[in-house]
Amino acid sequence: MRYSTCFLTLICSLMLSLALLGLYAYLSRTSDGAHIASNMELVRRLKLTDLCLFTEARYTRNPAMADLHAPFQDHPMALEHFPSGSLMAPPDFVREKR
Amino acid sequence: MNRRIERYRNILDFALSSLLRRKGKNLSLLGMYTVIVFFIASLVFFIQALKREAALVLDGAPDLVVQRLVAGRDDPIPVAYGYKISAIRGVSEVKPRFWGYYYDPVTRANFTLVASGDDPPGRESIYLGSGVARLMHLNAGNYLSLRGAKGASQVFSVQKILASNSELVAADLIQIREDDFRTLFDFPAGRATDLAVSVRNKVEVPTVAAKIAHEFPDTRPILKSEMLRTYASVFDWRGGMVIVLLFVAVLSFVILAWDKATGLSAEERKEIGILKSIGWETGDVLILKSFEGMVISLTAYLAGVCLAYLHVFFFSAPFFEQALKGWSVLYPQFKLAPFVDPYLLCVLFFLTVCPYTVSTIVPSWLAATVDPDTAMRS
């Protein structure tokens, strides 16, 4: 078999796989929509405000509810010491040029 | 037409056999290229899916949460504030929220205790988030002992385990009755952790928040839009580790492309010289070299994107888990709903395939314009 035939077969199968994965994402909207809706209902029922992503400290568990100086609350000069702090961007006003 | 296609196929055949002659070098290049595309695409898929899911799920969050601050710190808010807030025009409902954190010294995990909600468990019973149940090996009907504020342990019966697909919002939750919550934490009477406010017309939420802040200067209203913005910024493109990871990946790619663009090997120059001396035109040589670049970059792009999709949506992004987990003992096990943004895939394509293909053409063009005899002798 010619090299070009092998290569074109490989590229076509990869493109087909990508298209099938995209189709899977489209078709699974209904089942995923159901679990997102049940989570939304749980959030509404329990009046939750945050995702449960970082459970290491109270201000990383509920970043939307934490006070503005939260990273410094453990002791004076306590800079952010949890790894998830490096995932969170500083507030917009800190980055704005004055 | 067929002759033209056949001509390009012949050049492609030659490009592939030329790549296979330097099998070791080109396979390692393809491998590295695929890994770079895989990491960038995984990051793009993960961030997009998480941001989308956060926006959808948190749409059910309260319109407004009112906290009380004492000397700049959060303090339980008098429930009586709620009666006055409900009298503000536009407010449809004010509900006190009772919630707090519980550190378990045995597992060294932080749990979130919630006592709000319309469907509370029975007396001295609890509903457990599936993350807590997994960590403590508990099932419905088992008992969990929590140490209260006064030092005495209180035993609760596990009435229900929350669904495992709710871990993204409830992995660490323990739902408890309000009176049990007050007893456990010795919570002051007539106070709540904060107040959840519903507003009839969503456009009026900032106005209601301004009125609350004016009427109760010791409070801090937090809007739902601010909660959603928190998550948009946590996984923002410009944010923290995300940008570091992206920067490293892009820099590795730039080094790779630069290495390729800075010149051809003596063997490749010789090859171009021979091709020109047997009658190939400069245009043919450029097509050959762009095909060589395209074979590597297109294969790496397609393989990298497909693998990234499987990594994020089928295997729950194990490579990112350690970075997200940080020091958490309790980490939620969640599967994100697949979401592919064609715009981002196109951006990724133009950022990875195009620069590499172009970078292979420039040195080839320089070599192809040189006299074949000089090129063969170089």
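Visitor: How many residues of domain 1 of chain B are in contact with domain 2 of chain B?

Guide: In this predicted model, seven residues of domain 1 of chain B are in contact with 10 residues of domain 2 of chain B. On the domain 1 side, the residues that touch domain 2 are five nonpolar, one polar and one charged.

Visitor: Which residues belong to each domain of chain B?

Guide: The domain assignment gives domain 1 of chain B as 2–58 + 235–377, and domain 2 as 63–224. The C-alpha centres of the two domains of chain B lie 49 Å apart.

Visitor: What percentage of the residues of chain B count as buried?

Guide: Of the 378 residues, 38% count as buried. Contacts can also be sorted by how far apart the partners are in sequence. Among contacts in chain B with a separation of 6 or more, 79% are between residues 24 or more positions apart.

Visitor: What is the strand order in the open sheet of six strands in chain B?

Guide: Read across the sheet, the order is β5-β6-β10-β7-β9-β8, and the pairing is mixed. β5 (99–104) and β8 (143–147) of chain B stand at the edges with a single partner strand each, so one side of each has no neighbour in the sheet. Direction ignored, neighbouring strands of this sheet are turned by 40° against each other on average.

Visitor: Which pairs in this sheet run parallel, and which are antiparallel?

Guide: Take the pairs one by one. Strand β6 (residues 109–114) and strand β10 (residues 173–175) of chain B run parallel and are joined by three bridges. There, T112(B) stands opposite L173(B). Strand β7 (residues 125–128) and strand β9 (residues 153–161) of chain B are also parallel, with four bridges. In that pair Y127(B) stands opposite K160(B). β8(B) and β9(B), by contrast, pair in the antiparallel sense over five bridges. The bridge partner of L144(B) in β9(B) is F156(B).

Visitor: Are R108(B) and H137(B) buried or exposed?

Guide: R108(B) has 10, so R108(B) is exposed. H137(B) has 7, so H137(B) is exposed as well. A glycine can be listed too: G151(B), in the hairpin of β8(B) and β9(B), takes a positive phi near 100°. That hairpin has five residues between the strands.

Visitor: Where is L298(B), and what does L298(B) touch?

Guide: L298(B) is in helix α11 (residues 282–314) of chain B. With 20 C-beta neighbours inside 10 Å, L298(B) counts as buried. Leaving out residues up to four places away in sequence, L298(B) touches I11(A) and V353(B). L298(B) and T34(B) are 264 residues apart in sequence, yet their C-alpha atoms are 9.6 Å apart in space.

Visitor: How many residues of chain A are in contact with chain B?

Guide: 49 residues of chain A are in contact with 71 residues of chain B. On the chain A side, α1 (3–27), α2 (29–46) and α3 (58–61) are the elements that give two or more residues. The largest share, 13 residues, comes from α1(A). By class, this side of chain A has 28 nonpolar, 11 polar and 10 charged residues.

Note on methods
Residues numbered from 1 in each chain as written. Chains lettered and ligands numbered in written order. Predicted model: local features only at pLDDT ≥ 70, side-chain atom pairs only at ≥ 80, totals over all residues. Domains from an automatic or database assignment. Contact = placed C-beta atoms within 7 Å. Nonpolar A, V, L, I, M, F, W, Y, C, P; charged D, E, K, R; others polar. Pairing = 2+ DSSP bridges. Axes fitted to C-alpha atoms, helices over the stretch in contact; angles between N-to-C directions. Buried ≥ 20, exposed ≤ 12 C-beta atoms within 10 Å, placed from the backbone.
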